[in-house]
Amino acid sequence: MLKRVLFSILDNISLAEKVAFRSKMILGEAIFRSFPDQESYVRIKTSVKNREIFLLASLYQPDTKIMRLILFAKTAKILGAKKVHLIAPYLSYMRQDKAFHPGEAINSVIFAELISHYFDSLVTIDPHLHRHHSLSEIYTIPTQVLHAGHFIAIWIRKHIKDPVLIGPDSESKQWVSHIADDIRVPYLILEKNRKGDRKVQISVPNIQSYEKCIAVLVDDIISTAATMIETIKHLKRAGIKKIICIGVHGIFADDAYQNLLKCGVYRIVTCNTISHNSNAIDLSDLISQSFRS
Ligand code: R5P
């Protein structure tokens, strides 16, 4: 069998170490940095010749990383790698999945074309599939979608007594209902109307009968946190006292994390797809399960 080597860009080192250990891969050494003029520099130090190579790179704040991914993948191939796979626990550019206004770029499609050109396969966790129903609609390489739901369910069962799960919009039903069924707890799905990048409206939930429960908001992405904040306001008005927010991918753009804390949320929990203080749910086992041989 080909030797498998896992590399990671700088901010994913701790997750990469766990994944490499669990899936018995060699951890490769590479340098990723910027020149003074902000151009990217990549140097692959571990031999990749005749090996199968995996690059773990979570693609939040993606624009600098993308150039590094391309330089890495192309160089690995030039150096003799048999295959170069991308593990992107958080997959960027999935939300602009149509031209909402004339002349707008459809990011998801163009980004998929780029990644498909340089990598041999892609593994990701709960990508934001809305208007695209599967990654194979836009990626031409093999893709594997993993789901954090079971790991979130285990965390909730262990840490929260009497939860009611809340999904802030219809898209969230896919994961919220799955988690609720997994641990046999009730759930509610609200209606969201996005008014702009940082402005959303949420329907008033019919939650009175759950007044004594702990409300657990679950969403795939927390970016500006506007969705969570708006939902929390409604829940508080409806008399809910204790609210916990769980996000698979905690992007926390600008001061989103502080703004969410200020709303009086009891706890903010995220999965470690993006390294952050709020990480409490480790998905290294989920990722490595997909490579175990
Ligand atoms: C959108 O449909 C997603 O599922 C999330 O609800 C959204 O990305 C959260 O974004 P924000 O934190 O900026 O409201």
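**View 1. Asn50, a partly exposed loop residue.**
Asn50 has a relative accessible area of 39% in this predicted model, so it counts as partly exposed, a label for values between the 20% limit for buried and the 50% limit for exposed. Look for Asn50 in the loop between β4 (40–44) and β5. Its backbone deserves a glance too: phi at Asn50 is positive, about 55°, although the residue is not a glycine. As background, most residues other than glycine have a negative phi.

**View 2. Arg184, an exposed loop residue with a positive phi.**
Here we move to the loop between α5 and β10 (187–189), where Arg184 is found. Arg184 is not a glycine, yet its phi is positive, at about 50°. Is this residue buried or exposed? With 76% relative accessibility, Arg184 counts as exposed, because the cut-off for that label is over 50%.

Helix α5 covers residues 173–183, and Asp182 is part of it. Which residues does Asp182 contact, once neighbours within four places in sequence are left aside? They are His150 and Ala153. For a sense of distance, take Arg157: this residue is 25 residues from Asp182 in sequence, and the two C-alpha atoms are 9.6 Å apart in space. Asp182 has a relative accessible area of 27% and is therefore partly exposed.

Strand β6 spans residues 83–88 and is mostly covered, with 5 of its 6 residues buried. To one partner, strand β5 (residues 52–56), β6 is joined by 5 bridges, and the two strands run parallel.

In another, β6, helix α3 (residues 107–118) and β7 make a right-handed β-α-β unit.

**View 3. The largest pocket and its lining.**
This pocket has a volume of about 1,200 Å³. Its lining counts 39 residues, and those nearest the centre are Arg95, Gln96, His128, Arg194 and Asp197. Among the elements that each supply at least two lining residues are β11 (192–196), β13 (214–222) and α6 (226–237). By residue type, the lining divides into 14 nonpolar, 13 polar and 12 charged residues.

**View 4. Arg194, one of the residues nearest the centre of the largest pocket.**
Arg194, listed among the residues nearest the centre of the largest pocket, is found in strand β11. What does Arg194 touch, not counting residues up to four places away in sequence? It touches Lys199, Val200 and Thr227. Ile221 lies 27 residues from Arg194 along the chain, with 14 Å between their C-alpha atoms. At 40% relative accessibility, Arg194 counts as partly exposed.

**View 5. The second largest pocket, with helix α5 in its lining.**
About 230 Å³ of space lies in this pocket. It is lined by 15 residues, of which Asp126, Val145, His147, Gln174 and Trp175 are the closest to its centre. Both α4 (149–159) and α5 supply at least two residues each to the lining. Which of the elements gives the most to this lining? That is α5, with 4 residues. Sorted by type, the lining residues are 8 nonpolar, 5 polar and 2 charged.

**View 6. The cavity found in the structure.**
How many cavities of 30 Å³ or more does a search of the whole structure find? The search finds 1. About 40 Å³ of space lies in the largest cavity. Its lining is made up of Tyr90, Leu91, Met94, Arg95, Asp126, Pro127, His128, Asp220, Ile221 and His249. These residues divide into 5 nonpolar, 2 polar and 3 charged. Arg95 and His128 are listed here and also among the residues nearest the centre of the largest pocket.

How values were computed:
Residues numbered from 1 in each chain as written. Predicted model: local features only at pLDDT ≥ 70, side-chain atom pairs only at ≥ 80, totals over all residues. Heavy atoms only, no water. Buried < 20%, exposed > 50% of the residue type's maximum accessible area, 1.4 Å probe, protein only. Contact = heavy atoms within 4.5 Å. Pairing = 2+ DSSP bridges. Right-handed = clockwise from strand over helix to strand, strands pointing away. 1 Å grid on protein atoms, 1.4 Å probe; cavity = no way out; pocket = protein on both sides within 12 Å on 5 of 7 lines; lining within 4 Å. Points joined across faces, edges and corners; volume = space filled by probe spheres on them. Nonpolar A, V, L, I, M, F, W, Y, C, P; charged D, E, K, R; others polar.
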